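Morning, everyone. I'd like to walk you through one chain today. Let me put it on the screen.

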Amino acid sequence: MSTVGVVMLVHTALDRAEQVARHWTAGGCPVVLHVDGNVPNATYRAFASALADDPLVRFSRRHRCEWGTWGIVAASQSASELMLKEFANVHHVFLASGSCLPLRPVQELIDYLAARPRTDFIESATTADVPWTVGGLDVERFTLRFPFSWKKHRLLFDRYVDLQRKLGMKRKIPAGLVPHMGSQWWCLTRQTLSAILQDPDRAIYDRYFQKVWIPDESYYQTLVRQYSGNIESRSLTLSKFDFQGKPHIFYDDHLQLLRRSDCFVARKIWPRAGRLYQAFLTDQAGAMKRTEPNPGKIDRIFAKAVERRTRGRQGLYMQSRMPRHGAENGITSNPYSIFQGFAELFEDFEPWLARATGTRVHGHLFAPERVEFADGQVLLNGALTDNPKTRDYNADSFLTNLIWNTRGERQCFQFGPGDNQEINWLVARDPNAQVSVISGAWAVPLFKSNRNFADLRKEAARLQRIESEHLTVLRSHYTKARVRIWTMAEFIEAPMEPIQTIVDEIGLLQQRRLSEAPTMLDLDGFGQFLQNLKNQGMHPYLMGDFPVEQGPVNMPKPPRKPYLVR
């Protein structure tokens, strides 16, 4: 009775390889094992002795195998030749590794291939049609020579490739061959495989492919086109690769994912994934549905995994994957609001804003003395402390961490020219930021203070310079934040309309007209204070056109249009 022969390339986790080999032979499939020549002889002999009682197990001549080199092809050749010689009833040969795990009953695979006696299952595509090579060579792997190991002698490998390119060196591809590439895990009919191994020109082909880079992905994939009359260009082995071209490793928690694939075999399985080996190494009828293998059913999950690995979660910065500047997956994870000049102009603005919007309203989070968390807290979600030294070690990360750790709850905080300015560009580039600025309002606390006027003039000049630089950032063409800027003079003409607009944009509570207005500080004499600054040689221009005698605030009067940056 015809059956399927399994060639296993083994180099590690020999106890799992023994377990899988016995599973194959229990289902009636002979197994030829190739053990990597790098495995110590004592370990090899113990492994061979453990399987000596199984009449369907054979061991082939050993070769030293290293990734990207000829040894892997030589190993599969030796094992396949032994398979064809020792087991005449084998009609298909299935190439697997020691980390491969059968997912469906062995008899289902035998029946599936018996129904397709002339079909070769091997991924085989021309270099122009291969989209999966990552950081490697396409056509050049067939036209250049690769005598050095990419892993062990990377410098020699790269320099020899560069030298061949500069000298215009190119190898001649054997006549009649069109290079193809694909997964190294194939399942070939006896007729096709024997034709490849017994070809009169095999010595020519072997000599050529010995200097091809990663020949295990091109040797059989190319030669099968010479002999097969019916190729299914796909592998029956589920093998997924990440964005770096490295194989995904399956663990115990991938059990349901592997079941959904309906594939016959999967690799790579973690050797210590005991739950997977226990679940799949059975031949119970109906262990999985009898259906066409369809690894595409789980491609969406792998695509999401790749996106999570490469882009991360929006607004989350991880130690293992710090993004490049400008390449973040969202600067922050949630909308937030920054108010500049409001707390200086209105009494008890923070508690008023908390009542009006239902948000958590902080004071000056970047104040020099301490982090002014809402309600006087000293510790916030994510173990963020009010220590300014800890915050200033990386101010950008402090802000993004605060937004991430409080996601789902909108944060509002005060800002001004007296605060740490390191976050200015991050906020400006962040589409989640809503920034409202009353320029020049920083002068109100100076006006209310009882300091020597010379000191006031010096401090006013410093704060104005800092705020001017900040406004330049907010008006930059790189700005993505929602920015509104008013001069102090135009804002106080009719403050309720811009305040209502800001509150509506936050939009956490049902939009309604504000029934309670914040109380503005008494600004009587503020115009004269600005004039005194001018008289002393300091020009306070950020406040706008502020008259020397400021009349009472006319609340109903509509304000001029605010400066809006989008």
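Now the housekeeping. This is a predicted model, where local features need pLDDT of at least 70, side-chain atom pairs count only at pLDDT 80 or more, and totals for chains, interfaces and linings use all residues. Residues are numbered from 1 along each chain as its sequence is written, and side-chain values use heavy atoms, with hydrogens and water left out.

The overall picture next. The chain has 22 helices and 22 strands. Those are DSSP runs, numbered from the N terminus: helices are H or I with at least four residues, strands are E with at least two. Of the 566 residues, 51% count as buried. Buried means under 20% relative accessible area, exposed means over 50%, and partly exposed is in between, with a 1.4 Å probe and protein chains only. Then contacts, meaning heavy atoms within 4.5 Å. Take those between residues at least 6 apart in sequence: 75% join residues at least 24 apart.

Let's zoom in on helix H7. Two packed helices are described by the angle between their axes and the distance between the axes. Axes here are lines fitted to C-alpha atoms, for helices over the stretch in contact, and angles run from 0 to 180 degrees between N-to-C directions.

How do H3 and H7 pack? Helix H3, residues 71-86, and helix H7, residues 190-197, pack at about 125 degrees, with axes 11 Å apart. H3 and H7 are therefore oblique to each other. The scale is this: under 35 degrees is roughly parallel, over 145 roughly antiparallel, 65 to 115 roughly perpendicular, and the rest oblique. The crossing of H3 and H7 is left-handed. That term applies if the near helix is turned anticlockwise from the far one by less than a right angle; clockwise makes a crossing right-handed. From H3, the contact uses Gln77, Ser80, Glu81 and Leu84; from H7, it uses Arg190, Leu193, Ser194 and Leu197. By type, that contact has 3 nonpolar, 3 polar and 2 charged residues. Nonpolar covers Ala, Val, Leu, Ile, Met, Phe, Trp, Tyr, Cys and Pro; charged covers Asp, Glu, Lys and Arg; the others, Gly among them, are polar.

Now the other partner, helix H9, residues 219-227. The axes of H7 and H9 come within 10 Å and cross at roughly 105 degrees. H7 and H9 are therefore roughly perpendicular to each other. Thr192, Leu193, Ala195, Ile196 and Leu197 of H7 meet Tyr219, Tyr220, Leu223, Val224 and Tyr227 of H9. The H7 and H9 contact divides into 9 nonpolar, 1 polar and no charged residues.

Which residues of H7 are buried? They are Thr192, Leu193, Ser194, Ile196 and Leu197. These buried residues pack against H3, H9, helix H8 (202-209) and strands S4 (90-97), S6 (120-121) and S9 (187-189).

Next, two glutamines. Glutamine 184 is in the loop between strand S8 (180-181) and S9. Its relative accessible area is 17%, so glutamine 184 is buried. Beyond its neighbours within four places in sequence, glutamine 184 is in contact with Ile72, Leu95, Asp216 and Gln221. Glutamine 464 is in helix H19, residues 453-474. Glutamine 464 counts as buried, at 5% relative accessibility. Again leaving aside neighbours within four places, glutamine 464 is in contact with Trp442, Met538, His539, Pro540, Tyr541, Leu542 and Met543.

Most residues other than glycine have a negative phi, and most peptide bonds are trans. The bond from arginine 267 to lysine 268 is cis, with omega near 0 degrees. Lysine 268 is in the loop between strand S12 (265-267) and helix H11 (274-280).

Aspartate 348 has a positive phi, near 50 degrees. It sits in the loop between strand S14 (346-347) and helix H14 (349-357). At 60% relative accessibility, aspartate 348 counts as exposed. For aspartate 375, phi is positive too, near 60 degrees. Aspartate 375 lies in the loop between strand S15 (360-364) and strand S16 (379-380). Aspartate 375 is exposed, with a relative accessible area of 80%.
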